[in-house]
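Please look through the sequence and the model shown below. A short report follows, arranged by topic.

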Amino acid sequence: NAKRQQVANARFHAGDVRRQGLEKFLKGCGPHDVVILDPPRAGPIPGVIETVADLHPGAVCHIFCNIDRAPDDLRVWSEHGYQVARAVPFDMFPGTPSIELLAVLKPAV
């Protein structure tokens, strides 16, 4: 999709995100970068939110497949200097009892 849209300034990686190696993976991440975090229903493993926040991206788009996890994970983001700029619920799988939530987080001012 990025190639078709001629997007040249984005990198895409799929796979398990572990705290170990995350800093190397996001090396050079800074205030002009956006990190999209789309963990499984169980949420990100311990340490991932903290590691991403410590790299100080300009914004994080955190997708919650289990909105019951949102309060706890958003509290961790807040403790590490990020606040919700926008939250949008959406029904990615109509006909199922769950909805998803996209939270756009930005550094607290």
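## Salt bridges

The side chains of arginine 69 and aspartate 73 form a salt bridge, with 2.9 Å from N to O. The term means that a side-chain nitrogen of Lys or Arg lies within 4 Å of a carboxyl oxygen of Asp or Glu. Arginine 69 is partly exposed, at 26% relative accessibility, while aspartate 73 is buried, at 5% relative accessible area. Here buried stands for under 20% relative accessible area, exposed for over 50%, and partly exposed for values in between, using a 1.4 Å probe and protein chains only. The model is predicted: local features need pLDDT of at least 70 and side-chain atom pairs count only at pLDDT 80 or more, while totals for chains, interfaces and linings use all residues. Residues are numbered from 1 along each chain as its sequence is written, and side-chain values use heavy atoms, with hydrogens and water left out.

The rule gives a count of two salt bridges. Aspartate 72 and arginine 75 also meet through their side chains in a salt bridge, at 3.0 Å from N to O. These two residues, aspartate 72 and arginine 75, both belong to helix H3 and are three residues apart, about one turn of the helix. Aspartate 72 is partly exposed at 44% relative accessibility, and arginine 75 is partly exposed at 45%.

## Helix H3

Helices (H or I, at least four residues) and strands (E, at least two) are DSSP runs, numbered from the N terminus. H3 covers residues 70-79, and Ala70, Asp73, Val76 and Trp77 are buried in it. Seen down the axis of H3, these buried residues fall within an arc of 130°, so they line one face of the helix. The arc is taken from the directions that run from the helix axis to the C-beta atoms.

What covers the buried residues of H3? The cover includes strand E1 (34-37), helix H2 (48-54), strand E2 (59-64), strand E3 (82-90) and strand E4 (100-107). Just after H3, glycine 81 has a positive phi of about 90°.

## The nonpolar core

In soluble globular proteins, nonpolar side chains tend to be buried together. A nonpolar core is a set of buried Ala, Val, Leu, Ile, Met, Phe, Trp, Tyr and Cys residues joined through side-chain atoms within 4.5 Å. The largest such core has 15 residues, of which Leu26, Val52, Val60, Trp77 and Tyr82 touch the most other members. E1, H2 and H3 are the elements that give two or more residues to this core. H2 supplies the largest share, four residues.

Which residues does tryptophan 77 contact, leaving aside neighbours within four places in sequence? They are Leu37, Ile49, Val52, Ala53, Val60, His62, Tyr82 and Leu105. Contact means heavy atoms within 4.5 Å.

## The sheet

Four strands make an open sheet with mixed pairing, in the order E1-E2-E4-E3. E1 and E3 stand at the edges with a single partner strand each, so one side of each is left without a neighbour in the sheet. From one strand to the next, the twist averages 15°. Two strands pair if DSSP finds at least two bridges between them. H3 packs on the sheet and touches E1, E2, E3 and E4, and its direction makes about 165° with that of E2. Axes are lines fitted to C-alpha atoms, for helices over the stretch in contact, and angles run from 0 to 180 degrees between N-to-C directions.

E3 and E4 are antiparallel and pair over eight bridges. Tyrosine 82 has proline 107 in E4 as its bridge partner. E1 and E2 run parallel and are joined by four bridges. Isoleucine 36 has cysteine 61 in E2 as its bridge partner. The covered face of E1 holds Val35 and Leu37, and the uncovered face holds Val34 and Ile36.

## Loops and other segments

Proline 39 is in the loop between E1 and H2. Is proline 39 buried or exposed? Proline 39 is buried, at 10% relative accessible area. Leaving out residues up to four places away in sequence, proline 39 touches Pro44, His62, Ile63 and Cys65.

Glutamine 6, a residue other than glycine, has a positive phi near 60°. Glutamine 6 lies in the segment before helix H1 (22-25) and is exposed, at 72% relative accessible area. Histidine 56 likewise has a positive phi near 60°. Histidine 56 is in the loop between H2 and E2 and is exposed, at 54%.
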